[in-house]
Amino acid sequence: MIRLQKFLAQCGLGSRRACERLIEAGEISVNGEIVARQGVTIDPERDRVRVRGKELALEQRVTYLAMNKPVGVVTTMRDPQGRRTVADLIPERVPRVAPVGRLDFDTSGLLLLTNDGELAHRLTHPRFGVDKTYRAVVRGQLEADELAALSRGIRLEGFRTQAARVRVVAAGPQRSVVDITLHEGKNRQVRRMFEATGHTVIALERRAFGPLSLGNLRAGAVRVLTAREVGALRRAASKAEPPVWKSTSRSRRATS
Ligand code: URA
């Protein structure tokens, strides 16, 4: 037995919270009866669940893919400007999936796609702290204080980046190669972080997402994740970071 909102999320209808709202709105029926209250459990093998009258089936639908997104492809399933999208790279007969977060048009590398809305939410929300590692080729050579600032966190327009891991792979006066691991995913964040230290990004590739590496997946290729890989992703996404406690006189007393 499985909770109804969990089943709906696994069928790709959004995060569990979004699925709870669908239930509240009376959009879901189980065996022909509208279920508008929370806490209902179902048997996915036997119960017939419909969303606005359309039947859902778990087994054919929960799909997890890894793609090596090439440069020059947009991370959407449809593009009004007619550019190449990640949907163009997905083989036919694969159930409908959505990208987990996004990579810029000019970024390449590991992109996950799934219709498991709950896992997608956890993999991208900074609260769950799932690492994403990028390899950046940047102009010039980073000084020690610039590397320290990148790893401590730097101020970008309107926010401060969280701590990151930074590793120089190769350094030269013209260009350097730097690996950076972070668990946030603000718009063009890595590019903006390097730009803020005075080093333009020439090329950017995502090499790892949580426990999964890009490996030797060739540019433009897509593969189905193994059950073991999905399990590893779930474990990585289940560790919510503890809230950051402010040091108050009361908390200091409590720990002394
Ligand atoms: N950071 C960026 O700047 N671009 C990406 O595509 C991903 C992370």
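The lining of the second largest pocket of this predicted model is made up of eight charged, seven nonpolar and six polar residues. In this classification Asp, Glu, Lys and Arg are charged, Ala, Val, Leu, Ile, Met, Phe, Trp, Tyr, Cys and Pro are nonpolar, and the others, Gly among them, are polar. The pocket has a volume of about 310 Å³. Of its 21 lining residues, R102, Y134, G185, K186 and R206 are the closest to the centre.

A pocket is an open set of points on a 1 Å grid over the protein atoms alone, with protein on both sides within 12 Å along at least five of seven lines; a cavity is a set where a 1.4 Å probe fits but cannot get out, and lining residues have an atom within 4 Å of a point. Points are joined across faces, edges and corners, and a volume is the space filled by probe spheres set on them.

At least two residues of this pocket lining come from each of strand 10 (132–139), helix 5 (189–196) and strand 15 (201–209). Helices (H or I, at least four residues) and strands (E, at least two) are DSSP runs numbered from the N terminus. Domain 2 (64–126 + 214–236) and domain 3 (131–209) each give the lining at least three residues. The protein also has domain 1 (2–60), with bounds from an automatic or database domain assignment. Between domain 1 and domain 3 the C-alpha centres are 42 Å apart.

| Residue atom | Ligand atom | Distance |
|---|---|---|
| D104, polar side-chain atom | nitrogen | 2.7 Å |
| R191, polar backbone atom | oxygen | 3.0 Å |
| R188, backbone N or O atom | oxygen | 3.3 Å |

The protein buries 95% of the 240 Å² that the ligand exposes when taken alone, with areas from the Shrake-Rupley method and a 1.4 Å probe.

One cavity of 30 Å³ or more is present. The largest cavity holds about 40 Å³ of space, and its lining consists of Y64, L65, V100, L112, L113, T114, L119, L123, L225 and L233. Strand 7 (64–69), strand 9 (107–114) and helix 3 (117–124) each supply two or more of these residues; strand 9 gives the most, with three. By class, nine are nonpolar, one is polar and none is charged.

Residues are numbered from 1 along each chain as its sequence is written, and side-chain values use heavy atoms, with hydrogens and water left out. In this predicted model, local features need pLDDT of at least 70 and side-chain atom pairs count only at pLDDT 80 or more, while totals for chains, interfaces and linings use all residues.

Methods:
Polar contact = N/O pair within 3.5 Å; in protein donor to acceptor, adjacent residues only side chain to side chain.
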